[in-house]
Amino acid sequence: MITLTVNGEKKSLDIDPDMPLLWVLRDILGLTGTKFGCGEGFCGSCSVLVDHESVRSCSTPISDVANKSITTIEGLSKINPKLQENWELLDVPQCGYCQPGQLITAAALLETNPHPTEQQIVDAMTGNICRCGTYHRIKEAIVKTVESK
Amino acid sequence: MSPIENISRRKFVRYLGFATGGLVMAYNLPGFILKANAAEPATGEFKPSLFIQLNSDGSLILVASRSEMGQNIRTSLSSVIADEMDADWKKVSIIQADGNPIYGDQNTDGSRSILLFFAPLREMGAAARVMLIKAASIKWGVPESECTAENHYVIHKKTNQKISFGDLAEAASRLHPPKNITLKTPKEYDFIGHSMPSVDLKDFVHGKAKFGVDIRVPGMKFAAVSRPPVTFGSVKSFDASKALKVQGVEDVFEIPRVKIPYGALGGVAVVASNTWAALKGKEALSVIWETGENGGYDTQKFMELMTQRVHDQAKVVKKEGDVEKAFSNADKIVESTFQLPHLSHAPMEVPNAVAWFKGDSCEIWAPLQSPQDARRDAAQYLGLDPEKVTVHVTFLGGAFGRKSNPDFVMEAVILSKKMNCPIQVFWDRTDDIQHDFYHTTSAQYLKAALDKSGNTTAWLHRLAFPSISSTFVPGTNYASGGELASGATNLPFEIPNLQVENAKADAYVRIGWLRSVCNIFEGYATNVFADELAAAAKKDPLEYRLGLIGKDRLIEAGEGFKLDTARLKKVLTTAAKNAGWGKSLPANHGMGLAVHYSFLTYVAAVTEVSVVNNHLTVHKIHLAVDCGQPVNHDTIKAQLQGAAIFGMSICYYGKITAKDGKIQQTNFDNYPVLRMDEVPEVTVDIIENHERPTGIGEPGVPVIAPSIVNAIYAATGKRYHNLPLTETGLV
């Protein structure tokens with residue numbers, strides 16, 4: 001039995017300890033906001049917060065996050081609603097698919113570094129692929145969030 | 001016969017997903033034939049294909065029959081109708097249409113949704129406005145001419161009365177649409193030509209939008225498929241024992257290849273209680289494959305063969321004047337060969353589909369650009385009447401042409417029929433990259449003659465590339481007219497002697513459409529070669545290019561559309577002006593230009609790069625676009641910013657290779673795409689006019705790579721011809 005907290009709710013799961021967190025979220029807990037992109041940690045689509053740090057849920061076995069607190073895109077508004085507001089204000093998404101991962105990675109950056117420089121933003125976000133090419137607006141939305149603090 | 005009809009009382013309204021009641025209107029657009037005059041009045045049978053409903057609570061609902069894949073089409077379509085109707089934007093919502101011929105052509109490709117729908121949506125919105133005004137005037141007993149519509153109300157200023165659209169819906173539903181409609185003038189637009197945020201923004205930002213992969217149906221199982229590594233290979237034998245031991249795996253069996261264009265490739269399927277178990281089970285399979293007819297495909301050798309062929313005479317597909325004579329009289333000859341590889345779409349959402357075969361019917365959910373094709377093929381495979389097959393279109397997590405080829409739906413259908421339960425088939429990234437309908441690979445040879453003053457007197461363009469037609473008619477080994485009219489046969493240059501030739505090229509993988517299709521390599525070669533001619537003539541590339549385009553004129557662009565060289569020159573000079581063309585640049589910097597007409601839209605790029613220690617940096621891309629009447633400014637800007645990134649991925653990294661018939665790339669580590677640390681500043685200048693609106697999803701892509709390559713030449717004096725640049729060591 002593995003116990004963890006997801007978006008503030010305690011969950012106890014009788015589950016293969018090797019199953020990646022991504023598939024536990026999507027297929028077992030029904031939280032489909034977190035996306036599969038590459039399965040090997042190259043693209044960042046599956047990013048979730050584990051105790052305020054961004055991790056790649058596609059390559060994180062569920063046993064690694066036992067007793068930890070997970071925040072997914074569905075729960076992000078409890079942590080950084082301003083970021084999501086600015087994302088809307090700047091109409092960032094195109095297809096929208098990679099955006100949960102982008103938002104989580106941006107939120108994790110701002111958790112550890114509330115006033116990142118532009119270069120620090122780029123460094124933090126370079127692990128996340130957006131095939132539609134929304135990078136300009138992602139950066140702008142993060143900068144706007146930093147400036148509004 | 002008016003194309004607009006009030007169908008509020010018609011029975012089939014309930015099939016559209018509308019609640020009963022209110023005003024329901026339809027627009028008759030038979031055939032959706034792409035023609036310059038597509039909006040001409042319909043004749044014959046009333047076959048409505050565009051629908052809106054105004055409810056008594058005031059909600060205005062549009063059925064979107066085009067798929068949403070990031071081009072913001074749901075928003076743009078609704079904003080057009082809401083504008084002409086004088087509706088309140090906040091009251092607009094959207095029902096995504098299922099795949100069904102009642103909606104006309106639903107193929108969301110070719111950058112043509114706005115082109116097709118702009119005029120009909122405006123007319124329908126205006127008709128609804130007139131009917132609401134009429135309903136109010138009857139109610140108040142005042143002349144219609146004294147009433148106006150504003151923000152979801154009809155107003156009678158003289159008596160200071162107003163009534164909401166919702167309160168008029170029922171009365172309006174008993175009226176006939178007007179015979180004559182007055183559309184707004186551009187000055188009166190409230191939404192058209194403005195920036196309307198996506199209607200789906202909140203769902204995207206909060207993880208609520210449902211993509212294909214997010215569909216969950218009670219009792220649904222998950223499947224992964226191990227497909228033949230070589231295209232159209234087959235299973236010789238397999239051992240499922242290890243796969244069956246994976247916790248959660250429920251069944252393993254072979255699935256057949258279905259020999260139709262969007263058919264399943266066949267292979268061995270693993271069905272499980274969750275996605276991870278299915279993927280793990282697939283990995284644990286041991287399969288021995290028959291390679292089949294394409295086992296010898298080697299992209300490097302094939303490139304050598306295509307190159308040889310374009311260096312020989314080939315089939316003449318266009319001939320003006322006499323190029324050979326001009327070559328023999330030339331002062332200078334310039335020749336170049338361009339080699340471009342296959343590309344994979346790699347949308348962030350991998351191919352996937354849910355199918356639920358229920359014996360006498362089937363329900364499907366998938367991210368589809370062509371839902372009617374999926375429906376037709378599923379019905380055919382299952383032996384069902386298409387009316388018994390429902391195809392729900394989800395959000396598409398990127399597509400770029402991949403989701404026009406719904407082979408993944410066929411797999412889900414086969415699996416659901418076999419397992420007798422709902423099944424989601426899931427492709428992992430390696431499945432996606434190794435079993436795509438690839439962008440073709442090409443070799444091109446260009447040769448030009450210059451006279452003593454440096455004028456181009458002859459232009460020969462020879463192309464070899466496997467055709468998309470080969471996917472539909474196996475064995476096709478010459479290009480179609482449309483494929484060649486993507487920069488080659490529709491070259492907008494004023495050159496007296498011009499010849500285009502097409503050399504033979506067989507296909508050994510499935511070839512498909514990828515964002516801007518053949519414009520990628522034809523736009524690339526013609527733009528780089530034109531720059532080489534300027535260099536050979538020792539002229540400024542901008543001045544020389546404007547000379548090549550020549551005087552203002554209209555060139556036939558097919559189906560009654562005309563390429564206007566004045567508009568082409570205008571985007572080029574606009575981008576050049578914005579970039580500060582001709583200004584002095586820092587050491588090791590250079591500026592390059594490209595201009596291209598595709599999907600009826602004009603786009604130019606002027607790009608500034610630097611090359612320091614053999615390392616390329618793209619600093620700025622200045623884009624100018626003329627897509628007729630801009631519908632949504634912010635969307636046009638977003639699409640062009642995105643096209644710049646997509647074009648840079650092609651320029652820097654895009655390369656799919658095959659050896660012994662097997663694709664060698666597997667994931668984003670060996671098929672990289674652009675990331676944030678490589679993104680330059682991108683500016684977008686939208687030329688304002690009120691011409692018919694044209695495509696915006698694709699036309700931004702073709703100019704990016706040539707503008708970069710031309711800028712590298714300006715910075716270094718070194719000319720690159722082949723892509724991707726990663727092979728030069730520059731990136």
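Let us start with one proline: where in chain B is P724(B) found?

A: Happy to, with the reminder that this is a predicted model. P724(B) is found in the segment after α18 (704-716) of chain B. The peptide bond that joins L723(B) to P724(B) is cis, with omega about 0°. Most peptide bonds are trans, and most residues other than glycine have a negative phi. E559(B) is found in the loop between β23 (554-556) and β24 (562-564) of chain B.

Next, a pair of helices from chain B. Helix α15 (residues 541-549) and helix α16 (residues 565-579) of chain B have axes that come within 10 Å and cross at roughly 170°. Angles over 145 degrees count as roughly antiparallel, and α15(B) and α16(B) are therefore roughly antiparallel to each other. On the α15(B) side, L542(B), R545(B), L546(B) and I549(B) take part in the contact. They meet T565(B), L568(B), K569(B), L572(B), T573(B) and A576(B) in α16(B). Sorted by class, this contact has six nonpolar, two polar and two charged residues.

Charged side chains also link parts of chain B. K184(B) and D83(B) form a salt bridge, at 2.7 Å from N to O. K184(B) lies in the loop between α3 (165-172) and α4 of chain B, while D83(B) lies in helix α1 (residues 73-85) of chain B, so the pair ties together parts that are 101 residues apart in sequence. Over all chains, the structure holds 45 salt bridges.

Finally, turn to where chain B touches chain A. Here 61 residues of chain B are in contact with 47 residues of chain A. Between them the two chains bury about 4500 Å², of which 59% is on carbon and sulfur atoms. W276(B), M348(B) and M676(B) supply 19% of the area that chain B buries against chain A, more than any other three residues.

Five salt bridges are counted between chain B and chain A. R26(A) and D214(B) form a salt bridge, with their closest N and O atoms 3.0 Å apart. There are also 26 residue pairs in polar contact between chain B and chain A, both residues being at pLDDT 80 or more. On the side of chain B that touches chain A, the elements that give two or more residues are α4 (201-205), α6 (275-284), α17 (633-652) and β30 (681-686) of chain B. Of these, α17(B) gives the most, with nine residues. By class, the residues on this side of chain B divide into 31 nonpolar, 16 polar and 14 charged.

Note on methods
Residues are numbered from 1 along each chain as its sequence is written. Chains are lettered from A and ligands numbered from 1 in the order in which they are written. This is a predicted model: local features need pLDDT of at least 70, side-chain atom pairs count only at pLDDT 80 or more; totals for chains, interfaces and linings use all residues. Side-chain values use heavy atoms; hydrogens and water are left out. Axes are lines fitted to C-alpha atoms, for helices over the stretch in contact, and angles run from 0 to 180 degrees between N-to-C directions. Helices (H or I, at least four residues) and strands (E, at least two) are DSSP runs, numbered from the N terminus. Angles under 35 degrees count as roughly parallel, over 145 as roughly antiparallel, 65 to 115 as roughly perpendicular and the rest as oblique. Contact means heavy atoms within 4.5 Å. Ala, Val, Leu, Ile, Met, Phe, Trp, Tyr, Cys and Pro count as nonpolar, Asp, Glu, Lys and Arg as charged, and the others, Gly among them, as polar. Buried area is the accessible area (1.4 Å probe) that two parts lose on being put together, summed over both. A salt bridge is a side-chain nitrogen of Lys or Arg within 4 Å of a carboxyl oxygen of Asp or Glu. A polar contact is a pair of N or O atoms within 3.5 Å; within protein, one must be able to donate a hydrogen and the other to accept it, and residues adjacent in sequence count only if both atoms are side-chain atoms.
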